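My notes are below the structure.

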Amino acid sequence: MTDTRTATLGGGCFWCVEAAFEELPGVIGVVSGYAGGHTEDPTYREVCSGSTGHAEVVQVEYDTADLSYADVLKVFFTVHDPTQLDRQGPDVGSQYRSIILTHDDDQTATAKSYIERLENADAYDDTIVTEVEPLERFYRAEENHQNYYEKNPGDAYCTFHADPKIEKVRKQFVEPTG
């Protein structure tokens with residue numbers, strides 16, 4: 001019997017975060033969407049305006065036989081810069097903030113503890129600004145944003161921003177086959 005869980009994470013453009021997590025063994029699926037704001041059923045254009053309060057996020061469904069929530073967090077903190085306030089790379093605005101939206105008290109405690117351990121270890125040169133808050137509602141992004149990297153592998157934005165994240169995951173978290 002498979003025990004699946006869901007993690008909801010925002011670390012910049014959801015195209016890039018989604019593509020990185022889809023490489024990870026134990027991940028069943030990744031859905032791009034919006035969460036953490038106040039506007040009901042927002043559109044991509046509305047979220048990009050910065051007026052909805054939502055962040056671009058991904059929901060990662062994973063098999064606990066292969067991954068723990070701490071494993072998911074380790075990948076998350078590897079593929080984005082949690083010290084950048086309201087931005088990731090060229091993407092600027094609160095919709096690109098670093099955020100963990102938790103599904104229960106255990107995820108909240110694990111996420112806060114994980115961040116504390118990173119801070120105590122001076123894992124980054126600057127302070128971690130990742131928000132941790134309970135997930136109230138997740139809104140699935142429009143279909144053209146789902147599996148964006150897979151559908152648009154030659155897209156210049158993806159080549160420049162998603163490819164390095166994918167390579168990090170492959171190098172650090174995927175065992176070579178053969």
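**Entry 1: the model**
I am working from a predicted model.

**Entry 2: α1 and α6**
I began with helix α1, residues 14-21, and helix α6, residues 156-173. Their axes come within 8 Å. I read a crossing angle of roughly 30°. Angles under 35 degrees count as roughly parallel, so α1 and α6 are roughly parallel to each other. The crossing of α1 and α6 is right-handed.

Next I listed who meets whom. From α1 the contact takes W15, C16, A19 and A20. From α6 it takes Y157, C158, H161, A162, K165, I166 and V169. I sorted the residues of this α1 and α6 contact by type: nine are nonpolar, one is polar and one is charged.

**Entry 3: α3 and α4**
I then moved to helix α3, residues 69-79. How does α3 pack with α4? The angle is about 45°, and the axes are 10 Å apart. The two helices are therefore oblique to each other. I noted a right-handed crossing for α3 and α4.

On the α3 side I found Y69, A70, L73, K74 and F77. They meet Q107, T110, A111, Y114, I115 and L118 in α4. The residues of the α3 and α4 contact split into eight nonpolar, two polar and one charged.

**Entry 4: burial of α3**
How many residues of α3 are buried? I get eight of eleven, and the helix is mostly covered. The buried ones are Y69, V72, L73, V75, F76, F77, T78 and V79.

**Entry 5: T130**
Last, I went to T130. T130 sits in the loop between α4 (105-120) and β7 (131-134). Is T130 buried or exposed? Its relative accessibility is 10%. Buried means under 20%, so T130 counts as buried.

Which side chain does the side chain of T130 contact through polar atoms? The partner is S98, at 2.6 Å. I also listed what T130 touches, leaving out residues up to four places away in sequence. The list is F76, F77, H80, P82, S98, I99, I100 and I115. F76 and F77 on that list are among the buried residues of α3. I115 on that list also belongs to the α4 side of the contact with α3.

Key. Residues numbered from 1 in each chain as written. Predicted model: local features only at pLDDT ≥ 70, side-chain atom pairs only at ≥ 80, totals over all residues. Heavy atoms only, no water. Axes fitted to C-alpha atoms, helices over the stretch in contact; angles between N-to-C directions. Helix = DSSP H or I, 4+ residues; strand = E, 2+ residues; numbered from the N terminus. Parallel < 35°, antiparallel > 145°, perpendicular 65-115°, else oblique. Left-handed = near helix turned anticlockwise from the far one by under 90°. Contact = heavy atoms within 4.5 Å. Nonpolar A, V, L, I, M, F, W, Y, C, P; charged D, E, K, R; others polar. Buried < 20%, exposed > 50% of the residue type's maximum accessible area, 1.4 Å probe, protein only. Polar contact = N/O pair within 3.5 Å; in protein donor to acceptor, adjacent residues only side chain to side chain.
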